[in-house]
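User: I would like to learn how to read a few features of a structure. Please take them one at a time, with the general idea before the case.

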Amino acid sequence: MAIYENEVTHEYRGLRRVLTYGTFDLLHFGHIRLLQRAAELGDYLVVALSTDEFNASKGKTSFYDYETRKEMLEAIRYVDLVIPERNWEQKIDDIRDYHIDTVVMGGDWAGSDRFEYLRDYCNLVFLDRTPGISTTQVKGNLNVG
């Protein structure tokens, strides 16, 4: 596939861009497998990482703060770019601003109004979660809350 860089905007034409959303707290092998599988669906993986403020609005508290979670994600070879997820409504803007071809989410979101409408803007793929692991399970095992 030919890839061309626009000198003015530094956009890369020809890249298949994939976007996923999440909190990615207490990073575990289920997260890594999701990111790996998402990255395999394209050439450039963008991760929209829930901010601490957005998590609070959902009644969630992360063990690690946003900046720490962002730094961990940026260290993963499958991830090309980490952006903040500040609210539910930003998804269409993210798709347009980052030229996204495919949004990927965990299978537990399949059929959700939070994502199904995105089919009008890009491909939408739901991947099965890795059996036997979840952040909720890890927190329970650690008695973190």
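**Reading the features**

Analyst: Thr61 sits in the loop between α2 and α3. Helices and strands here are DSSP runs numbered from the N terminus, helices being H or I with at least four residues and strands E with at least two. The model is predicted, so local features need pLDDT of at least 70 and side-chain atom pairs count only at pLDDT 80 or more, while totals for chains, interfaces and linings use all residues. Residues are numbered from 1 along each chain as its sequence is written, and side-chain values use heavy atoms, with hydrogens and water left out.

User: Where is Asn55 found, and what is Asn55 in contact with, leaving aside its neighbours within four places in sequence?

Analyst: Contact means heavy atoms within 4.5 Å. Asn55 belongs to helix α2, residues 52–57. With neighbours within four places in sequence left aside, Asn55 is in contact with Thr23, Ser50, Lys60, Ser62 and Arg69. Asn55 counts as buried because its relative accessibility is 1%.

User: How should I read the sheet, and in what order do the strands stand?

Analyst: Strands of a sheet pair through backbone hydrogen bonds, either parallel or antiparallel. The pairing criterion is that DSSP finds at least two bridges between two strands. Here 5 strands form an open sheet with parallel pairing, in the order β5-β4-β3-β6-β7. The edges are β5 (81–85) and β7 (123–127), each with a single partner strand, so one side of each has no neighbour in the sheet. From one strand to the next the twist averages 25°.

User: How many bridges pair β3 with β4?

Analyst: Strand β3 (residues 17–22) pairs with strand β4 (residues 44–50) over 6 bridges, in the parallel sense. Ala48 in β4 is the bridge partner of Tyr21, and Val47 in β4 is that of Thr20. On to the next pairing: β4 and β5 are parallel over 5 bridges, and Ala48 stands opposite Ile83 in β5. Because 6 of the 7 residues of β4 are buried, β4 is largely enclosed by the rest of the structure.

User: Which helices lie on the sheet, and at what angles to β4?

Analyst: Axes are lines fitted to C-alpha atoms, for helices over the stretch in contact, and angles run from 0 to 180 degrees between N-to-C directions. Helix α1 (residues 29–39) lies across β3, β4, β6 (102–106) and β7, and runs at about 140° to β4. Helix α3 (residues 66–74) packs on the sheet and touches β4 and β5, its direction making about 165° with that of β4.

User: What is the handedness of the unit made by β3, α1 and β4?

Analyst: A crossover is right-handed if, with the strands pointing away from the viewer, the path from the first strand over the helix to the second runs clockwise. The β-α-β unit of β3, α1 and β4 is right-handed.

User: How many aromatic pairs does the structure hold?

Analyst: A pair of aromatic rings is described by the distance of the centres and the angle of the planes. Rings of Phe, Tyr and Trp (its six-membered ring) pair if their centres lie within 6.5 Å; planes under 30 degrees apart are stacked, over 60 edge-to-face, and the rest tilted. The structure holds 5 aromatic pairs. One of them is the tilted pair of Tyr21 and Phe115, at 6.2 Å centre to centre with 55° between the planes. Tyr21 is in strand β3 and Phe115 in the loop between β6 and β7, 94 residues apart, so this pair links distant parts of the chain.

User: Are Tyr21 and Phe115 buried or exposed?

Analyst: Both Tyr21 and Phe115 are buried. Phe63 and Tyr64 form an edge-to-face pair, with 4.9 Å centre to centre and 90° between the planes. Phe63 is partly exposed at a relative accessible area of 48%, and Tyr64 is partly exposed at 31%. Ring pairs also link Tyr21, Phe54, Trp88, Trp109 and Phe115 into a cluster.

Definitions and conventions: Buried means under 20% relative accessible area, exposed over 50%, partly exposed in between (1.4 Å probe, protein chains only).
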